Amino acid sequence: MGSYISSLTKQQSTDKMSSGPLAFKHYAKAQSTFKPPLIANGNAFLGDIFSSEKLAPEAPISCGLYRLEPGVPLDYTYTYHEMKIILEGDFTISDETGQKVHAVAGDVFNFPKGSKIRFETEKGGLAFYTGQVSLYSLEGGYSEA
């Protein structure tokens, strides 16, 4: 563990934004209390909880929650790499290759940059995501990292 800590400390000392130890961030009970804003179709909600954009603007990583309620499917083309884990409910997730999965809590996905994905749900679902992307803007979506 000592070598990990020393390499981490060395990286922090070369980071132009850091002038000392960096504290972790915590959002208590985010799964039950964070309410992502509406982004599309009256039933798709997405909101970033954290981002490394200020510390690493050249390669930011952002994470947050995505919720889809029954209704219109969400079609999305990824302009960045993203990982997603289903937390609650279920989704039907398909792509342009014909692959289709009924996703439930505990399922993990990797959506590569350029993939075209359709999200659908009959009961509603909640997922946690993280991607190499800057903060989400309600006006412009994500800007590429």
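**Close-up views of a predicted model**

**Figure 1. Asn41 sits in the loop that links strand 1 (38-40) to strand 2.** The structure shown here and in the views that follow is a predicted model. Most residues other than glycine have a negative phi. Asn41 has a positive phi, near 60°, although Asn41 is a residue other than glycine. Because its relative accessible area of 44% falls between the limits of 20% and 50%, Asn41 counts as partly exposed.

**Figure 2. Lys29 lies in the loop between helix 1 (2-14) and helix 2 (30-33).** Phi is positive for Lys29 too, at a value near 55°, and this residue is not a glycine. Is Lys29 buried or exposed? Its relative accessibility is 65%, which is over the 50% limit, so Lys29 counts as exposed.

**Figure 3. The overall course of the chain provides the setting for the close-up views.** The chain contains 2 helices and 9 strands. Read from the N terminus, the order of the elements is α-α-β-β-β-β-β-β-β-β-β. The chain has 145 residues, of which 34% count as buried.

**Figure 4. The largest nonpolar core of the model has 19 residues.** Which of its members touch the most other members? They are Tyr66, Ile86, Phe91, Ile93, Phe111 and Phe119. At least two core residues come from each of strand 2 (44-51), strand 3 (62-68), strand 5 (82-95), strand 7 (108-111), strand 8 (116-120) and strand 9 (125-131). Strand 5 contributes the most, with 3 residues. Another core, of 5 residues, lies apart from this one, and its members include Ala30, Ile49, Leu65 and Leu126.

**Figure 5. Ile86 is shown with its contacts beyond four places in sequence.** These partners are Phe91, Ile93, Ala103, Val104, Ala105, Gly106, Asp107, Phe109, Leu126 and Ala127. Ile86, Phe91 and Ile93 are also among the residues that touch the most other members of the largest nonpolar core.

**Figure 6. The second largest pocket has a volume of about 170 Å³.** Its lining is made of 15 residues, and those closest to the centre of the pocket are Asp95, Gln99, Asn110, Phe111 and Ile117. Strand 5, strand 6 (100-104), strand 7 and strand 8 each give two or more residues to the lining. By residue type, the lining holds 6 nonpolar, 5 polar and 4 charged residues.

**Figure 7. His81 lies in the loop between strand 4 (74-77) and strand 5.** Which residues does His81 touch, not counting those up to four places away in sequence? They are Phe111, Pro112, Lys113, Thr130, Gly131 and Gln132. His81 and Gln132 are 51 residues apart along the chain, yet their C-alpha atoms are separated by 5.8 Å. His81 counts as partly exposed because its relative accessibility is 43%, a value between 20% and 50%.

**Figure 8. The confidence of the prediction is given by pLDDT.** The average pLDDT of the chain is 86, and 81% of the residues score at least 70. In residues 1-16 the pLDDT is below 50, and this stretch has 5 contacts in the model beyond near neighbours in sequence. Where pLDDT is low, the predicted coordinates should not be read in detail.

Note on methods:
Residues numbered from 1 in each chain as written. Predicted model: local features only at pLDDT ≥ 70, side-chain atom pairs only at ≥ 80, totals over all residues. Heavy atoms only, no water. Core = buried A, V, L, I, M, F, W, Y, C linked by side-chain atoms within 4.5 Å. Buried < 20%, exposed > 50% of the residue type's maximum accessible area, 1.4 Å probe, protein only. Helix = DSSP H or I, 4+ residues; strand = E, 2+ residues; numbered from the N terminus. Contact = heavy atoms within 4.5 Å. 1 Å grid on protein atoms, 1.4 Å probe; cavity = no way out; pocket = protein on both sides within 12 Å on 5 of 7 lines; lining within 4 Å. Points joined across faces, edges and corners; volume = space filled by probe spheres on them. Nonpolar A, V, L, I, M, F, W, Y, C, P; charged D, E, K, R; others polar. pLDDT = per-residue confidence, 0-100.
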